[in-house]
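Let's take a friendly walk through one part of a protein model. Have a look at the sequence and the structure first.

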Amino acid sequence: MTTAQEHGGDVRLSGISKTYGSFTAVQPLDLTVPQGSFFALLGASGCGKTTTLRMIAGLEEPSSGTVHLGDQDVTALPPYKRPVNTVFQSYALFPHLDIFENVAFGLRRRGIKSVKGKVGEMLDLVQLGEQARKKPHQLSGGQQQRVAVARALINHPKVLLLDEPLGALDLKLRRQMQLELKRIQTEVGITFVHVTHDQEEAMTMADTVAVMNGGRVEQLGAPADLYENPRTTFVANFLGTSNFIEAEVQGGGDDLVVKAGDCKLTLPAARCTGPTDTGAKVLVGVRPEKISLTHADDAGQIPDGRNRITGRIADSSFIGVSTQYVVRSPLCPSFEVYAQNVERDGRLTPGAEVVLHWNPAHTFGLDAAQDVQAGVEKVEEDTSA
Ligand code: ATP
């Protein structure tokens with residue numbers, strides 16, 4: 001059952017774009033964020049995610065298109081007249097006011113006299129009831145960010161916008177705050193739109209993630225769906241790691257048979273977004289954790305029906321829960337394999353000849369006319385960790 005009331009907090013962007021001179025930061029974009037959802041705009045620096053968020057907030061004027069909140073067209077409204085609030089990376093708390101007064105600020109500004117109950121409720125929500133009389137500098141970064149969230153929520157906005165709110169926190173605190181923000185969102189049921197460049201953060205918190213690239217939404221979906229069924233190499237590489245093998249379609253119905261070098265591989269046709277005609281070129285993709293490694297001497301023990309290719313281990317890193325291998329194969333110069341450390345085969349060391357094998361159902365296919373390296377994260381930033 002749906003009513004107009006239930007959709008009061010939908011965020012609807014129609015043909016919204018932003019250009020700066022001849023540069024297009026956001027290409028015309030249609031997007032609906034359903035009321036009550038936790039939505040993440042995810043992408044590398046410069047992809048247009050902050051600009052999109054700022055257009056929802058009213059802090060940036062769109063070059064074209066409209067912004068609706070529920071049934072209301074807010075495109076022409078200034079930020080303070082929109083039923084939205086924003087939490088930024090810099091919490092910008094008032095240093096001279098205590099936590100209680102920081103949170104009460106929005107209510108007092110609206111002339112509301114009895115603030116005690118509402119502020120208390122908000123402080124409890126962010127689990128800072130005990131800290132009410134402290135000044136911001138007496139709190140940790142994570143606590144200060146929770147005050148900023150409480151301050152933003154006290155006016156009951158229809159939508160809370162979060163612009164890299166955890167960016168200033170160290171890695172461990174960021175992980176805690178991700179769970180904390182998710183809990184708060186579930187509790188208050190307000191639509192959250194969260195901007196981040198951190199794929200794990202987006203996947204941990206959001207119900208729906210929009211992956212942005214070059215001012216466009218490249219793919220939108222639930223985290224698991226994006227991870228398992230990426231439609232482009234950019235999404236496949238930006239969300240985790242993918243291995244790709246160039247192959248040619250040989251035929252098939254529900255299962256496509258493709259040829260890569262001397263190998264025949266199978267994948268579900270439904271998981272191939274590339275061309276499926278015989279002779280077409282596709283990129284066969286498989287995630288590192290889906291692959292098993294077997295020493296070449298034991299190749300006969302691999303069950304029939306699995307996709308398999310051969311290679312040689314180039315590198316292995318023991319990282320506690322798993323061992324990560326890099327395998328060189330004529331079909332893929334650097335195949336990544338993550339193996340859980342359950343029963344380790346001591347022969348699987350650099351130089352060993354191995355067979356990589358996996359369930360064909362865990363294979364996806366993409367159009368080969370794409371850059372295999374698109375979206376591969378460069379080694380940079382995260383100096384905070
Ligand atoms: P980041 O995570 O680094 O903030 P982002 O994905 O949020 O990146 P935006 O801030 O939305 O990216 O910027 C998108 C593009 O628009 C960038 O290339 C940026 O340089 C450009 N841009 C943003 N604001 C302006 C402006 N006022 N004038 C000119 N170009 C701008």
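The cover over the buried residues of α2 includes α3 (116–125) and α4. Here the model is a predicted one: local features need pLDDT of at least 70, side-chain atom pairs count only at pLDDT 80 or more, and totals for chains, interfaces and linings use all residues. Residues are numbered from 1 along each chain as its sequence is written, and side-chain values use heavy atoms, with hydrogens and water left out.

Which residues of α2 are buried? They are I99, F100, N102, V103, A104, G106 and L107, where buried means under 20% relative accessible area (1.4 Å probe, protein chains only). After α2 comes G111, with a positive phi near 80 degrees.

The helix α2 (99–109) also gives two or more residues to the lining of the second largest pocket, as do β6 (84–87) and α4 (141–153). β6 gives the most, with four residues. Among the 24 lining residues, V84, N85, T86, R109 and N155 lie nearest the centre of this pocket.

Now turn to R287, in the loop between β14 (281–286) and β15 (292–295). R287 is buried yet has no salt bridge, a salt bridge being a side-chain nitrogen of Lys or Arg within 4 Å of a carboxyl oxygen of Asp or Glu.

| From | To | Distance |
|---|---|---|
| R287 side chain | L239 backbone oxygen | 2.8 Å |
| R287 | E289, nearest side chain of opposite charge | 5.5 Å |

Conventions: Buried means under 20% relative accessible area, exposed over 50%, partly exposed in between (1.4 Å probe, protein chains only). Lys and Arg count as positive and Asp and Glu as negative; His and the chain ends are not counted. A polar contact is a pair of N or O atoms within 3.5 Å; within protein, one must be able to donate a hydrogen and the other to accept it, and residues adjacent in sequence count only if both atoms are side-chain atoms. On a 1 Å grid over the protein atoms alone, a cavity is a set of points where a 1.4 Å probe fits but cannot get out, and a pocket is an open set with protein on both sides within 12 Å along at least five of seven lines; lining residues have an atom within 4 Å of a point. Contact means heavy atoms within 4.5 Å.
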